[in-house]
Protein chains: 2
Amino acid sequence: MFDKQENRIRFDYNNMTQDYIGDKGLSEKELRDAKPLAANAYTKVKDGAGKGWMGWTDLPFNQKEIVADVLETAKGIRRKFKNFVVLGIGGSALGPIAVFQALCHLHYNELPARKRKGPKFYVEDNVDPERMLALLDIIDVKETMFNVVTKSGATSETMSQYLVITELLKKELGEDYKNHVIATTSQSKGNLIKLAKQEGFKTYYIPDSVGGRFSELCPVGLLPAAVLGIDIKMMLKGAGDLYKRANSADPFKNAPLMAALLQYLAMDKGCNISVMMPYADSLKYMADWYCQLWGESLGKAVSLDGELVYAGQTPVKALGVTDQHSQIQLYTEGPFDKVITFIAVDNFRGEYIIPQGLPEYPDVNFLCNNDMGLLLNNERRATEYALTKAQRMNRTIYVPQVNAYTIGQLLMFFMLETAYCGALLNIDTFNQPGVEEGKKATFALFDRKGFEEKKAELNSAKAKSDRFIIKG
Amino acid sequence: MFDKQENRIRFDYNNMTQDYIGDKGLSEKELRDAKPLAANAYTKVKDGAGKGWMGWTDLPFNQKEIVADVLETAKGIRRKFKNFVVLGIGGSALGPIAVFQALCHLHYNELPARKRKGPKFYVEDNVDPERMLALLDIIDVKETMFNVVTKSGATSETMSQYLVITELLKKELGEDYKNHVIATTSQSKGNLIKLAKQEGFKTYYIPDSVGGRFSELCPVGLLPAAVLGIDIKMMLKGAGDLYKRANSADPFKNAPLMAALLQYLAMDKGCNISVMMPYADSLKYMADWYCQLWGESLGKAVSLDGELVYAGQTPVKALGVTDQHSQIQLYTEGPFDKVITFIAVDNFRGEYIIPQGLPEYPDVNFLCNNDMGLLLNNERRATEYALTKAQRMNRTIYVPQVNAYTIGQLLMFFMLETAYCGALLNIDTFNQPGVEEGKKATFALFDRKGFEEKKAELNSAKAKSDRFIIKG
């Protein structure tokens, strides 16, 4: 039934080329001339794999025992708990949300328990008090397992939630509270590992060599997925198979390498925007996950040589067909400043034939007797055609069907594309120095000890002028 | 208790100016020199108000009877139905979703019925068969009211859903099915008004002078909001009050006019991206609604003088603090290509004090005894500070509290800003010619009669080359 050959994703970049979009496209010569650049990026990534911050390349291959442990733990959680809540933000949240949306029922939490066969699922990735109160209105903490996810153990948002939740749990459950918390964190350092040992929480480790936005294939993503009944072995296999096949320094033979090269060359032509537009509700949040990966990895002020480059391409999430009725006007007629990546699904996991009923209305009747999936895919093809005709750079990733194996491939595809593109841009793909200033300023605003200087700096900043504030 | 003065939104653009972000900002002289441009845009919008496609400016003032009818109908629906489902896409969906998220409980559908006091709420704005099947797994159509929303009555997605749903309803309910459908459509033309008359559906009208993306304040938005128990009179009052106060041709005295002028000048400096970043989960989908309004209105190839301009600024939705952990690295260090608009909430509708518990962990302990709302707002202030220090254009709309009155103001603020900006760009803000090509190509792919020529065109398009397709 499950055929790996038939389940390989395909990357189609015809509509990036001059052959298809004329002078707004890339010529085959440009692509061929860039082969040494691509080969160089390939070598850098290959040489770095598994080292430094590139532990994510090993994850499909080195987690046999972890997977067994996760599956065992997940089994118990599925039996015992009514709710499973992830407390995490950024990379600790976006992957789990994306995989949940892709591989679970699209109204999972609203299904009756017997159809769900596992706990309800929530990811709390903000500190809005209205949202925390809303969550507590609908869950009973006594019936809930909380997965606290922060590598550093110092993420303000997650640790605030930790304080809120553990206080409630202790009040309700006393000592037993610790059986309602699983920590996913660094093994070697930080508050959360200390707390986990002290309190006796079940704990999973985020390898030191895996950063937040590259962490979906480690326990950060594996535990929530397994709790949801997702086949995590198959997800890892999909990622691993794609990784192994991306083994050529020639971009014409390596899909994520070509994908990266195309973006690199498009940026050079003024495309500072990358639109990720899946045509499937199930893949909606893969776009959100991609936005962090692409934005945070490539948005860098300084190159590896110390030059000021202000690199980066702004990721934009869109959903087909929905956003045809919102963004396609702009994409078709606005500035030539974007690359649009469609994700197409060959076969949906269900069909719904549009019934007959309005023979006298020709502008509706043509739809009848067709599957909604065909409508979705024909609209995608039509949109692709219209954009191509308007000379807009676009490309399509075809997914045979949304399943654990293809989702694993997609995750690895985008991580590799990001790593290759970072190498092409000659920047550090894996750091995020630009977020430090805001963190320090937050500490100063709370008068945290040690940040008196930052506080003084904030206080000495030019006060806002009422001249530049208008009441609405 | 309700004080209009205290409930006025405020627009703060200090950090767009050279006084605050140095040479990457706009000088006060630039702003003053542009006053005649702004005055001209103001006059165009004022002169056009209520006419042509600008019926939306009248909606706060001319719907007394409609509001009474909507409230009466909503009362019956709240009593009789377990679910209320909007079938609509684009402008028919984004406004209702935004207002629902803003003004209802953040886990509304998961509340027990007695706490909800109204039906569950769904907006179906896609034609994914997996999603349709998922919806039908959790609702019983016999207990559901469907609000079919399409002005033209020819929107393929919505009319497909109409066919699906009416077939199911007829099978279950026979003749009574018509009491489960409310049509919101044009009074003067299209399939849906004909069908509504023929079948006897309760019907609301979308004025001819109101386009989809400007329709939230007509019955498109009013009926769903009223069904959800939202104070629609107050929402209209907020919109109307803001409209009346935006009565100066001087941008320094007219908040949405200044907002538009700033974007216009920023575009000229290379900012082709507009980020909308509310710091409140409740306002998350206001950003989605804004993205359609801004993108579809301003993304135009041709100016009113017939010149090729390829105008437009790509809207990006973000959510604070969540997206600090995804996009702020890029916003701080990437290209100088964006204007970031924060939406700040002065007072949340609930508080949650972060409890004490980790005195020995100084990098967590500083958070304790503070409201989560303060953490959210301090992180916003810190992010604003960091972006300003990095010379990134940013501005903030302050909302005293999220309620029907302030949401009405926000809706009108952005609609006016969009209209003013379209006038500044000298484009047609209210059409969307760029979506026609895709519609026609869809018809052709379905072999619809009358589109044989388009079909031939599609067939004659250059076939894709396998050279440019790589298996992953």
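Reader: What makes you say that chain B is in contact with chain A, and how many residues take part?

Author: Contact means heavy atoms within 4.5 Å, and by that rule 163 residues of chain B are in contact with 163 residues of chain A. This is a predicted model, in which local features need pLDDT of at least 70 and side-chain atom pairs count only at pLDDT 80 or more, while totals for chains, interfaces and linings use all residues. Side-chain values use heavy atoms, with hydrogens and water left out, residues are numbered from 1 along each chain as its sequence is written, and chains are lettered from A and ligands numbered from 1 in the order in which they are written.

Reader: How much area do chain B and chain A bury between them?

Author: Buried area is the accessible area, taken with a 1.4 Å probe, that two parts lose on being put together, summed over both. For chain B and chain A this comes to about 14,200 Å², with 61% of it on carbon and sulfur atoms. In chain B, the residues that lose the most area to chain A are B:Phe446, B:Phe468 and B:Ile470, which together make up 6% of what that side buries.

Reader: How do you know through which surface the copies meet?

Author: Of the interface residues of chain B, 100% are also interface residues in chain A, so the copies meet through the same surface.

Reader: Why are the two copies said to be related as by a two-fold rotation axis?

Author: Two copies of a chain are related by a rotation about an axis and a shift along it. Here the copies are superposed by least squares on the C-alpha atoms of residues with pLDDT of at least 70 in both, and a rotation of 180° with 0.0 Å of shift along its axis places chain B on chain A with an RMSD of 0.0 Å. The two copies are therefore related as by a two-fold rotation axis. Among the residues of chain B, B:Val316 comes closest to that axis, with its C-alpha at 3.1 Å.

Reader: What makes A:Arg213 and A:Glu296 a salt bridge, and which parts of the chain does the pair link?

Author: The side chains of A:Arg213 and A:Glu296 meet at 3.3 Å, N to O, so this pair also meets the definition. The pair links distant parts of the chain, 83 residues apart, with A:Arg213 in the loop between strand E6 (202-205) and helix H10 (219-227) of chain A and A:Glu296 in helix H13 of chain A.

Reader: How do you know that strands E7 and E8 of chain A pair, and in which sense?

Author: Two strands pair if DSSP finds at least two bridges between them. Strand E7 (residues 273-278) and strand E8 (residues 314-317) of chain A pair over four bridges, in the parallel sense. The chain crosses from E7(A) through helix H13 (residues 284-298) of chain A to E8(A) in a right-handed β-α-β crossover, a term used if, with the strands pointing away from the viewer, the path from the first strand over the helix to the second runs clockwise.

Reader: What is the peptide bond between A:Gly320 and A:Val321, cis or trans?

Author: The peptide bond from A:Gly320 to A:Val321 is cis, with omega near -5°.

Terms used. Helix = DSSP H or I, 4+ residues; strand = E, 2+ residues; numbered from the N terminus. Salt bridge = Lys/Arg side-chain N within 4 Å of Asp/Glu carboxyl O.
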